[in-house]
Amino acid sequence: MTTVSVFHVSDLHVGRPAVPEQIDAIEELVQDLKLDVVAISGDLTQRARSGEFQRARAFIRDAARVSAVIVVPGNHDVKWWRAPLGFGASAKMTENYRKFIDPDLEPVLRVDGATFVGINTAQGVTRRTLTWNLRDISIIGDVRKSQIVRARTEFAASPESAARVIVMHHNPVRGELSRRHGLKHTKRILGAFAELGVDLVLCGHDHQEAIHYVEHTKKGTVISTAGTVSNRSRGGRPSSVNVILLSPSTIEVSTSIWSDKMRTFVPGASQCFAR
């Protein structure tokens, strides 16, 4: 197995919160680095509008010139009000995403050395995502049993030596500043990922960069949470992106943060884990 390099970006929020200079800088990085994979873990847009998706599509198109690309939707990419609590046509919620980005909400990407399985956690407002906190409406994500079964099938179809990577929007580990999980039933979901032998989870949503290692009895899982690339970073932190190196024996996650002085992304924290 060869080492697989991944550029992980999330929460571009194309629209009013976006910072065009930072998005331009990321596009330059992608073209310069030419990593194997660019993974975009949701919230490409702010309001799921056509114009926002068109700009996001240009970002993806340019990245695809030098790297394989996998992208999944986030809660801001879904017009949940089109089918709240199952009332209405559910397809309307993702109409613009499917039109401008990808008709497949859960793509699978196979490269030499790794399999990336997309899971759509942004399923709108359902009975399963409701909490007692009104602030959670349209914010909380969900992973269903059928999605876990599908992921198992996709991983089983790949070489046993290939790294197993999940790409999804909502963070399964509680944010340091937000003190919140992006998903309900996170222990159950992380346990299911361990059973699947997942090596790495690429997510966003929390708007704070983070690198976690979740240890299980069978297999540990590395969680790469990419921060936002917008003016909505949590706690006034700078925008950030992650770069991951997946080798046969290790997983190295490095964060780059935006420098106002340098007007580009500069190296930040880095951690390496055994596979």
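How many nonpolar, polar and charged residues are in the lining of the largest cavity? The model is a predicted one, and the answer comes from its atoms. By class, that lining has 3 nonpolar, 4 polar and no charged residues. The residues in question are Asn75, Val78, Trp80, Ala122, Gln123, Gly124 and Ser138. The space they line amounts to about 40 Å³. Counting cavities of 30 Å³ or more gives 1.

Empty space of this kind is found by rolling a probe the size of a water molecule over the atoms. The largest pocket holds about 320 Å³ of space. It is lined by 17 residues, of which Ile139, Arg180, His205, Arg232 and Arg234 are the closest to its centre. Sorted by class, the lining of the largest pocket consists of 2 nonpolar, 9 polar and 6 charged residues.

The helices come next. Two packed helices are described by the angle between their axes and the distance between the axes. Helix α1 covers residues 20-33 and helix α2 covers residues 50-63; their axes lie 9 Å apart, at an angle of about 20°. Angles under 35 degrees count as roughly parallel, so α1 is roughly parallel to α2. The crossing in which α1 passes α2 is right-handed. On the α1 side the contact is made by Ile23, Asp24, Ile26, Glu27, Val30 and Gln31, and on the α2 side by Arg55, Phe59, Asp62 and Ala63. By class, this contact of α1 with α2 has 5 nonpolar, 1 polar and 4 charged residues.

A second pair is formed by helix α4, residues 145-156, and helix α5, residues 186-196. The axes of α4 and α5 come within 10 Å and cross at roughly 20°. Because of that angle, α4 is roughly parallel to α5. Here too the crossing has a hand: α4 passes α5 in a right-handed crossing. Which residues of α4 and α5 meet? Ile148, Ala151 and Arg152 in α4 meet Ala192, Phe193 and Leu196 in α5. The classes in the contact of α4 with α5 are 5 nonpolar, no polar and 1 charged.

Notes
Residues numbered from 1 in each chain as written. Predicted model: local features only at pLDDT ≥ 70, side-chain atom pairs only at ≥ 80, totals over all residues. Heavy atoms only, no water. Axes fitted to C-alpha atoms, helices over the stretch in contact; angles between N-to-C directions. Helix = DSSP H or I, 4+ residues; strand = E, 2+ residues; numbered from the N terminus. Parallel < 35°, antiparallel > 145°, perpendicular 65-115°, else oblique. Left-handed = near helix turned anticlockwise from the far one by under 90°. Contact = heavy atoms within 4.5 Å. Nonpolar A, V, L, I, M, F, W, Y, C, P; charged D, E, K, R; others polar. 1 Å grid on protein atoms, 1.4 Å probe; cavity = no way out; pocket = protein on both sides within 12 Å on 5 of 7 lines; lining within 4 Å. Points joined across faces, edges and corners; volume = space filled by probe spheres on them.
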